[in-house]
Amino acid sequence: MKGFLVFILSSVFLFLNSTVPAQNRSNKNLVYVDKQGVLRWTKDKKEACFFGVNYTTPFAHAYRAHRALGVDVEKAIQQDVYHFARLGLDAFRVHVWDTEISDTLGNLLENEHLRLLDFLLAELKKRNIKTVITPIAFWGNGYPERDELTPGFSRKYGKGRATTNDTAIVAQENYLKQFFKHVNPYTKSTYVGDPDIIAVEINNEPSHSGSKAGVTNYINKLAAAIKSVGWTKPVYYNIAQNPFYADAVAKANIDGVSFQWYPSGLVANQEVKGNFLPNADHYQIPFDTIPEYRNKSKMVYEFDAADILQSYMYPAMAKSFREAGFQWATQFAYDPTAMANVNTEYQTHYLNLLYTPSKAVSLLIASKIFHKVPRLKNWGTYPADSSFDVFRVSYKNALSEMNTADEFYYSNSTTTTPTNLSKLQHIAGVGNSPVVLYSGSGAYFLDKISDGVWRLEVMPDAIQIRDPFERASPRKEVTRLEWSSNAMQVLVPDLASGFSIKALNRGNNFSPSVAGNSFQIQPGTYLLNATEKSNAANSIGVIGMNEFGATNSTASGMFLRHEPFEEVSPEKPLLISTKIVGLDTGRANLQIITLDGRGGGFRNLPMVKKSGEYVAEIPADLATPGMLHYRIILQKGNWFAVFPGNYKESPFAWDNYNNETYKTFVAANNGRLNIFNPTVDKTAKVYPVFRRGFQTSYITGEISGQLILRLSATELSGDHTIGFVHYFGDKLVGRKPEIDSFNRLVVRAKTSETRPIKAKITLTNKDAFSFSTFINLNNTFQDLEVPINNLAQDSALLLPRPYPGFLPLWFKGSGIASFALADMERIQVSVGSELHESEFKKPYSLEVESIWLEKRK
C-alpha cells in the first residue's frame, strides 16, 4: 500500500509538473502567469501590469545616428531613461537586432551593440523599470537607410526562411541559448538570472508559412531552447501578426501571446488630421473561440497613434487595452533625444518628452490609466466614454487629463478645476490650468516635498517648424528647442504667501525673483520653498532632486512654419499666425502685396508674439474677392529670412528678384466652398488599400487641369466595400464667418459602369457622429445635390484602416446627435455596404471630380 501511495503521489507530482507552467513554481521570479492567463506578482499573487516604451539606441539607425553626431551614447541613454522615469513608466521592450550581435551559426558576438544593450538594461534597473526582451528581430539594420552587411543568421535566411529552414532554426536555438546565458557586465547577472527581465517574447513579428503543426513545432523548439538554460519566466509569442495561425500559436508551449495596435495606420507621410478616438475605442480580439488561447496572458508589444501629433490618443488606447485584458503595453518607439529634432528613426512615430511635450504628458496619463482602471471593464462607446474614472480625453481641446486628490496631469491647457487643490502632491502639464499659468510651450513638473516645499522642473520650449511625419532627413529639422525665459504663476495653497526659488541642476545659475506667486523661469530644476527650512530630501522616488532632463539645442538660425488659409471669407479681418524660431530680439513683419501679386503696392504689418505664436491681423478692407498675396519677413540686425522660400537676401535690396508669396483666395460673397478637389486634395484615405481587382487612380477628364479620383473593382470581395474618406475641417476655418449660410452639398461624380450605381455619402462631425444618404451615379458626370436635411445617423469607415486588420472597420457613435453642417469635418463616399450578396460579383466604379458646399435661398 505504501509503495502504491508513493507511486500515486509521484504520478500526481509528474502530472502537475507537466501541466503547470514552470514559472508558476519559481519564487525567484517577480511575476508568473496563473491558470486563467492572468499575470500576477509572485510575492502577493496580486495582478501585475506594466506600461512603457520601446527604445532602440544600442542598435541600427539610432546607434549610427548617435555616432554620426559625435554624441556620448551612454550619456544619451541615461538622459532618455531619465525621461522614462520622469513620465512614470515601468516597462521597456526592445526587439534585439540579432543580425548585429550574431553570426550565421547563431553564435553570440560580444560587441558594442551588446555592450550598450547591457548598459541600457542596467540603467533601467536603477529606475525600477522592468523589461520584456525580444531576442530575435529578423530585420536588417538599415531602415531608413540601406541594410549593412551584418554578420547574423537573419541576414542569411531572411524572415520567411527563418521559420521553416531547419538550419536556420538550429542557428536560432544556438543563439537563444548563448543570449540568455550571457552575463551583463554592468549587473553581473545573466538575462535568465536578472529579476528585472520579467519575460521573453521569442521573436518579433514572425512570417509563418506551411502547416499549422509546423508552426507549433517551430515555436516549441525555440521555447525549449530558452528554457534549457534555466529560464522559468513567462514566454510570449506573437499571435496577431498571422491570424490564420492563431490556433497553432495558442497550442504551443508558451504562457502568453503578444499583439500590436496602430489605430491610425502607418506611414501616411504627413500628419493625419481629424478625430481618431473612434479608431481607438475598443480592441476587439477574435481568438476567444480557440480553447488554448483562453488561458494565455496578453501583452501589447507595440502600439502608437502613428502620424498624429495631438495628445488625446494614448490615454484612449490604454483604456481599451485594459478593457481587452492586457497587462503589458509598450509604445513604439520613444525617439532618442539626440536625434528627435529631425525624427529620422521612424518617421511615422514621434514621441519625446522634450520635442513632443503634450504627447509625452499624455503617455504619463496613459500609464496611470493602465495601472489604475480595472482589467476587462467596459466603459461604453465613444463619445460616452470620453470621461471615465478620474480621466478625460478631448479631441476638440487636444487634451487628456487625470484629476485626483493628489495628482493633476494635463497634456494641454485646461480649465478643469483640481479635485482637491489643498491635497495636491504631483502636477504635470503643458500650457495653462487653474493651478499653473505658464507662457512657454515645454512640459513642466511640480512635486511636493513637504508642506511649503516643491520641486519644479521646466523643460525648454518645443516649437514645431515642419511636419515631422514627412520624409525625414538628418539635414531637415522638424522641431526646435528654445531656452527662453517665460512667465509662470503657481497657485498651490501652501505657496500662496510667497516663496523663494533656488536652482538645483548643475550649471543652472538662474535666480528668479518672485512677485506674489508669479515669476520668470528658464528651463531647469528648482526648489520652491515657502518655509525657512532647508530641504533634506535627495530624491522623489527614482527621480533625483538635482536631475534635469534636457540639453541645449545646437540650432540657431531663423525659420518659421506657416500654413496659409486656402480660402477666406470676404470683407472680414483675417488673423495670420506663424511659429518662428531663432528670432530672439529680431522682428517679424507680414508684408501684403497687391492682390494681383505683381508688386508695386505693399503694406507692412508688424507681427507680435501671442501664446507662443506670432500674429498679425489683415484688415477687412484688404480682404476683397480675389487672390491675397503676402510674405513674412524675419529680420535680426542685417540678417534676413524671407518666407516662403527662406530667402536670405534683403527683400528691400534693389536687385532682389525673389517674388514668391503665400497665396490665399478671398471668396466672393456668394461663392461656393470646395471641400474636396482631387487636383489639390491628395490626402483622401482610400479603402481598400490593396485588393486583387481593385484600382485607385487620379485621372483627367473634360476640364483642363482638373483631376478626378477614380475607384474601380472587378467585384466587391473582402469587406464588400470600396470608398474613400477625406478630412476637410481645415477648409472651413477661413470661411467660418459664413458657415451657417451654406445649405447645400453637391457632389460632381459618375460611374464608368453601364448600369446605375448607388453610392453612400457620409458626413462625420467632430464628435464622430456620422450621417448618411444615397445618391445614384450614371455614366455621365452630374452635379448631384445631397439632401442634407434628410441625412440619417449612421456608421462610417475607420480610415486609415486600424492595424491589425481584424479590428473593426466601421464605427457608429453612441447616443443621438443632431446634424449641423458647421460641425462636419469628414466626408465619405462609398459603394457596397447596402448591397445584397448577390450583387457582390459585379464590377463597380466611381469617379469624383469635386464636392462643394453652396448657398441657395
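The peptide bond between Tyr382 and Pro383 is cis, with omega at about 5°. A cis bond also links Tyr143 to Pro144, again with omega of about 5°; Pro144 belongs to the loop between strand 5 (130–134) and helix 6 (153–162).

The structure is a predicted model, in which local features need pLDDT of at least 70 and side-chain atom pairs count only at pLDDT 80 or more, while totals for chains, interfaces and linings use all residues. Residues are numbered from 1 along each chain as its sequence is written, and side-chain values use heavy atoms, with hydrogens and water left out. The average pLDDT (the predictor's confidence in each residue, from 0 to 100) is 94, and 96% of the residues score at least 70. Over residues 1–25, pLDDT remains under 50, and the model has 15 contacts beyond four places in sequence for this segment, a contact meaning heavy atoms within 4.5 Å. Where pLDDT is low, predicted coordinates should not be read in detail.

A barrel is closed by 8 strands in the order 3-4-5-8-9-10-11-12, with parallel pairing; two strands pair if DSSP finds at least two bridges between them. Within the barrel order, strand 10 (residues 256–261) and strand 11 (residues 297–303) are parallel and share 6 bridges. Gln260 has Glu302 of strand 11 as its bridge partner.

Strand 27 runs antiparallel to strand 20 (residues 453–458), to which 6 bridges join it, Arg455 being partnered with Leu527. Strand 24 (residues 500–503) also pairs with strand 27 in the antiparallel sense, over 4 bridges, and Ile501 stands opposite Leu528.

Lys188, with phi near 60°, lies between strand 6 (183–184) and strand 7 (189–190) and is exposed at 68% relative accessibility. Ser611, with phi of about 55°, lies between strand 35 (608–610) and strand 36 (613–618) and is exposed at 75%.

Technical notes. Helices (H or I, at least four residues) and strands (E, at least two) are DSSP runs, numbered from the N terminus. Buried means under 20% relative accessible area, exposed over 50%, partly exposed in between (1.4 Å probe, protein chains only).
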